[in-house]
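Please look through the structure shown here with care, and keep it in view while reading the report that follows.

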Amino acid sequence: MASTFRTCSIAVLSSRHHSSSSIHSLSLTKGQAFGCKFCGGIGFHGVKGKSQFPVLSVATDINSTEQAWRIASKESHRPVYPFSAIVGQDEMKLCLLLNVIDPKIGGVMIMGDRGTGKSTTVRSLIDLLPEIKVVAGDPYNSDPEDPEFMGIEVRERVLKGEQLEVVFSKINMVDLPLGATEDRVCGTIDIEKALTEGVKAFEPGLLAKANRGILYVDEVNLLDDHLVDVLLDSAASGWNTVEREGISIAHPARFILIGSGNPEEGELRPQLLDRFGMHAQVGTVRDAELRVKIVEERARFDKNPKEFREAYKAEQEKLLQQITSARSFLPSVQIDHELKVKISKVCAELNVDGLRGDIVTNRAAKALAALKGSEKVSAEDIATVIPNCLRHRLRKDPLESIDSGLLVIEKFYEIFS
């Protein structure tokens, strides 16, 4: 796999596309990004009013030692397949990397055949997540500098002029099981304690843990409707509000939503599908030699995970450094007004509802330019990401046989040419 990661070409058009237009590809060598080797597989609202009760978080006491515990127990965790060792599936890997670089893209929906490495790829991303500043002991991973990502308690401490203790922590990846209860997802309130002691005893749930991190839902198309409603509410507002018996507690819940599933097992609700910034389609590898290579690599990992991970350690570290550099470089990336107009024209002529398509395409193109180390977005950058940003936003036509991604790229060439 390492050889394929040295030089990567991402073809924008599918091989099924029979248009006479030339196929755009994005090819990058090892030395193009940030003056270093480029590897790893892709080259290139608070609450209204005030409560009469003080707020107590049960998780605050135990969270202060969580950072040290994570470091101590890291080696005892189940070994994760290295991201750099995954063969093929460049579209899925690119979408994941762009969301790590710019979390405001809005997440990824990965749909494809069973056994194509969807969940393996997503979970392998955990090794590449950079560190962020968080307030020590805060169960919501509050940002010490950005009020939008601060919990209510931290914000009150800032207003009082208290000095916040800041630590660096890796971005969280939280799995949302299909059988999770709503209380486990949203958090629970101890009503008895609130009534007898006048204290809101709140135990944060998975949404609190996922704040400023990644929330991953495997088989998202099988998720219960009541949990889908919870995700929709949090994704829309960026806050999770727990309402029970006249008591209200809210906390920030801004996360990268990643879902995966098999379209044969059921469709995803349109409201939730639209909340995913990008959509990646994964197909089964048909090349016999490539299939053999995947089988052999997996066998090596199963035989000795530690040795296998060690073999890819250098590539993993380089890719992590590349992602960290791209996150720092992102604010300086610019996109010309003319290109913005053309992106919006593509969306308008494809009858894309709303403006999320325009916003996500602009963000994804800038993230890709940052990944390449370029200060300006090019048409090639847009061509690479626009099918993933718009294909799931097109209106469904039961009589249409052509892939929606090809419809997007055809319209792109028509307007950008």
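## Two helices packed together

Helix 17, which covers residues 379–390, packs against helix 18, which covers residues 404–416, at an angle of about 145°, and their axes lie 8 Å apart. Helices (H or I, at least four residues) and strands (E, at least two) are DSSP runs that are numbered from the N terminus, while axes are lines fitted to C-alpha atoms, for helices over the stretch in contact, and angles run from 0 to 180 degrees between N-to-C directions. The crossing of helix 17 with helix 18 is right-handed; a crossing is right-handed if the near helix is turned clockwise from the far one by less than a right angle, and left-handed if anticlockwise.

On the side of helix 17, the residues that meet helix 18 are Ala-379, Ile-382, Ala-383, Ile-386, Pro-387 and Leu-390, and their partners in helix 18 are Gly-405, Val-408, Ile-409, Phe-412 and Phe-416, where contact means heavy atoms within 4.5 Å. Sorted by class, this contact between helix 17 and helix 18 holds ten nonpolar residues, one polar residue and no charged residues. Here Ala, Val, Leu, Ile, Met, Phe, Trp, Tyr, Cys and Pro count as nonpolar, Asp, Glu, Lys and Arg as charged, and the others, Gly among them, as polar.

## About the model

This is a predicted model, in which local features need pLDDT of at least 70 and side-chain atom pairs count only at pLDDT 80 or more, whereas totals for chains, interfaces and linings use all residues. Residues are numbered from 1 along each chain as its sequence is written, and side-chain values use heavy atoms, with hydrogens and water left out.

## The chain and its cores

The protein chain contains 18 helices and 14 strands, and of its 417 residues 49% are buried. Buried means under 20% relative accessible area, exposed means over 50%, and partly exposed lies in between (1.4 Å probe, protein chains only).

How many residues does the largest nonpolar core have, and which of them touch the most other members? The core has 63 residues, and those that touch the most other members are Leu-96, Leu-98, Ile-110, Leu-125, Met-278 and Ile-382. A nonpolar core is a set of buried Ala, Val, Leu, Ile, Met, Phe, Trp, Tyr and Cys residues joined through side-chain atoms within 4.5 Å. A second, separate core has 33 residues, including Met-111, Ile-191, Val-217 and Leu-273. In soluble globular proteins, nonpolar side chains tend to be buried together. When neighbours within four places in sequence are left aside, the contacts of Ile-110 include Met-92, Leu-96, Val-122, Ile-258 and Val-282.

## Buried residues and their partners

Val-100 belongs to helix 4, residues 90–101, and Val-100 counts as buried because its relative accessibility is 3%. Not counting residues up to four places away in sequence, Val-100 touches Leu-125, Leu-129, Pro-130, Ile-323 and Arg-327. Although Val-100 and Leu-129 are 29 residues apart along the chain, their C-alpha atoms are separated by 7.2 Å.

Cys-347 is part of helix 15, residues 337–349, and at 2% relative accessibility Cys-347 also counts as buried. Cys-347 and Ile-386 are 39 residues apart in sequence, and their C-alpha atoms are 9.7 Å apart in space.

## Two residues with positive phi

Most residues other than glycine have a negative phi, and most peptide bonds are trans. Arg-212, although it is not a glycine, has a positive phi of about 65°, and Glu-219, which is not a glycine either, has a positive phi of about 55°.

Is Arg-212 buried or exposed? With a relative accessible area of 16%, Arg-212 is buried, and its place is in the loop between helix 9 (206–210) and strand 10 (214–218). Glu-219 is found in the loop between strand 10 and helix 10 (225–237), and Glu-219 counts as partly exposed because its relative accessibility is 24%.
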